[in-house]
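Below are my notes on the model you sent. Please read them with the coordinates open.

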Amino acid sequence: MIFSPSKESISSLLNLLGRLLCFLGLLFLVPAAIALFLGENPALFDFLTSLFITETIGLLFLLFFPYKQDLDYSLAFLLVALVWLILPLFSALPLWFSGHFKSFLDAFFDSMSGFTTTGLSLIRDLDHLSYSHNFFRHFIMFLGGQGIIIVALSFSQKASSYGVGLYVGEARQERILPSIISTSRFIWTVTLVYFVIGSLLLFLLGLKTGLPCKKALFHGMFLFMAGFDTGGFTPQTLNLSYYHSLSLELATLIVMLLGSLNFNLHYFLWRKNPKEILKNIETRTFFISFSLLFIFLNLTLALSSKLPLLELFRKGLYQILTAHTGCGFSNLTVSQLKSWPEGSLVFIIIAMALGGGVGSTTGGIKLMRIGLLFKSIVAEVKTWIFPVQVKMQEKYHHLQDFLLEDRRVKLAFIVFFFYLLSYLGGAVIGVLLGYPFLPALFESTSASANVGLTLGITSPQMPVLLKLTYIIQMWAGRLEFVSVVASLGIIISLFKK
Amino acid sequence: MRKIFLLFLLILTNMPCLQAGEFIKIKELLAKSSFWDSKEVEVKAEVLDVLRRKKGSWINILDQGVSLGVWVPKEVELPQIIYLAGPEERGDLIRIRGRFYFNNPRHLGQTMISAEKISLVKRGGKFSLEPSLKKRRALFLWALLFLITGTVYLIRNLRYARGTSKT
């Protein structure tokens, strides 16, 4: 039997989309206020025009599509998938109006990259971009990292029946507190506390590097937003090399590590048992994968580079961590990264592909799934070694002890398979468009795992087909394919009706 | 002999460093970094920032959308920089002569220029921060459309509210 939504539920879905558009429109007021405060008049006009366009379209949705009935679980997935396409589309408006993009598609690319916390960018002349536009780029990254639905749910007063669907559809499997709304609010509380502390620290370090006060303040905020939400946008083209500062590099490492942690672990760290971090399957998986990749990367670099060991250590550490946490900040220029041996690039690709914690702001396959798959392999090998009579049950620890069930392993494998397909699919398209395989795989993995590191393929000059491919990869990767696949099923059912 | 002459001509026309009187683009430096590594270069670029440190200053420069860091030791005289490239200003244009390093181990392994001489070429200036007529028109048009849609939406909601209160 194929599920097919009724006209009433489609109308309700579009109504909710209209409400979210109106909500987005109001969010334009934040960068508009900054533009007004700084006297950036052209930018102010860009944000106000975008606000009126978004509000008008949102209101038209509300007028033509009344809310008739609550959405069921599967339609919530379609709503999430649509929201994550349409909100970046409207957020591309002020970016496009700024005149820093070659086409609207490029502005949409950056907007999608921002919302999905990827960090790949097609912007031109970034160094002359207004503070308010730059703030907006990092602001959408911040919202996207937390989850657009999480933002909307935090403002809602009562839970709706489809709230869980929206929450899960946005690639969040776990609740921290009993209700979705309280969980959303907890996530925001954690983030805002870190935001104040992190931005202040980065502001002070910015002052120490020699930045003027205004610039240090904005750069502190920008770097925090992009670091904690593992986004990777930077306010200047030189990326982290702009600051020529080791202490700032170290501070951003801490920020991105915090962002890559599961919010449940933050909860345990804050309120319950900090020792959970040492026992958790995700942190253990991270420690093992990070250590192995770091050692192998440094070995390949040491064998081929004449740089002093300390320099290799610093560069290797930063690249592996920025790739593993999905942040995408870099203390290297694109030319420097390109000059690295192919073997070391493979380790960075693996780190990007793995990703950070489930229920964090990172992308990629995620540590929990890698841990579960690894444990299931170990369990299987044990059955080969030990006698048939010996029955073993593998366990893992994530906030509490769990038995390793086939259902969980199967789910982990499905998502793993989709990511693998996406990484390779994007690389094949890149190769077909004339790029060598390894850089194409690097860029495709970076887009799909929402990392943002680049070997220079991503540029305004790249083919339109590749831009579209990366947009789809960023979108599907951020939603962990669940909402996208479910939505495709619903759309097919509409045609079969 | 002819072959040697042709080879000499080829080298002469293709070696950018031998093209007299021309500044090297930062893009070119980065694209052919292994060629330029540890060589004397001369660039002309806009100043993005001057970050002062104990033993000198870091100047970030911008040329055709590509930027690079320049280390200026205390011994090298730095001209007075007034305008920095940013949203409001076109930065001062400076000429830098120095040595290009692809991975400088003395400075965190950065790609950079170690400056030997810096001079001011052209003073930068302020950008106009007035919105264009096109932007003004677009804002007016969409504000009007928003007002109309908003009014229709409000009227419809008021009618609906009255209808439900009667029943």
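1. Basis. This is a predicted model, in which local features need pLDDT of at least 70 and side-chain atom pairs count only at pLDDT 80 or more, while totals for chains, interfaces and linings use all residues. Residues are numbered from 1 along each chain as its sequence is written, and chains are lettered from A and ligands numbered from 1 in the order in which they are written.

2. Confidence. The predictor assigns the complex an ipTM of 0.84 and a pTM of 0.90. A contact here means that the C-beta atoms of two residues, placed from the backbone, lie within 7 Å. Where pLDDT is low, the predicted coordinates should not be read in detail.

3. Interface. Chain A contributes 39 residues to the contact and chain B contributes 38. On chain A, helix 3 (41–64), helix 15 (309–324) and helix 16 (334–338) each supply at least two residues of the side that touches chain B. Helices (H or I, at least four residues) and strands (E, at least two) are DSSP runs, numbered from the N terminus. The largest share of that side of chain A, 13 residues, comes from helix 3 of chain A. By type, the side of chain A that touches chain B holds 17 nonpolar, 15 polar and seven charged residues. In this count Ala, Val, Leu, Ile, Met, Phe, Trp, Tyr, Cys and Pro are nonpolar, Asp, Glu, Lys and Arg are charged, and the others, Gly among them, are polar.

4. Helix 3 of chain A. Its 24 residues reach 35 Å from the first C-alpha to the last, close to the 34 Å expected at 1.5 Å a residue; the expected span is 1.5 Å times one less than the number of residues. Of the 24 residues of helix 3 of chain A, 19 are buried, so the helix is largely enclosed by the rest of the structure. Buried means 20 or more other C-beta atoms within 10 Å of the residue's own, with C-beta atoms placed from the backbone.

5. Helix 19 of chain A. This helix (residues 406–432) has 27 residues and should span 39 Å; its end C-alpha atoms are 38 Å apart, which agrees. Its buried residues include Tyr419(A), Tyr423(A) and Gly426(A). The buried residues of helix 19 of chain A pack against helix 17 (342–354), helix 18 (367–385), helix 20 (437–448) and helix 21 (464–478) of chain A. Just after helix 19 of chain A, Gly434(A) has a positive phi of about 105°.

6. Chain B overall. Chain B has four helices and seven strands, in the order α-α-α-β-β-β-β-β-β-β-α along the sequence. Of its 167 residues, 29% count as buried. The domain assignment (automatic or from a database) gives domain 1 (22–126) and domain 2 (131–167) of chain B, and their centres, taken over C-alpha atoms, are 52 Å apart.

7. Strand 6 of chain B. Strand 5 (residues 93–104) and strand 6 of chain B pair in the antiparallel sense over ten bridges, pairing being counted if DSSP finds at least two bridges between two strands. Phe100(B) has Ile113(B) in strand 6 of chain B as its bridge partner. In the hairpin of these strands, with five residues between them, Leu108(B) takes a positive phi near 55°. Strand 3 (residues 66–73) of chain B runs parallel to strand 6 (residues 110–122) of chain B, joined by three bridges; Gly69(B) has Met112(B) in strand 6 of chain B as its bridge partner.

Key
A residue is buried if 20 or more other C-beta atoms lie within 10 Å of its own, exposed if 12 or fewer, and partly exposed in between; C-beta atoms are placed from the backbone.
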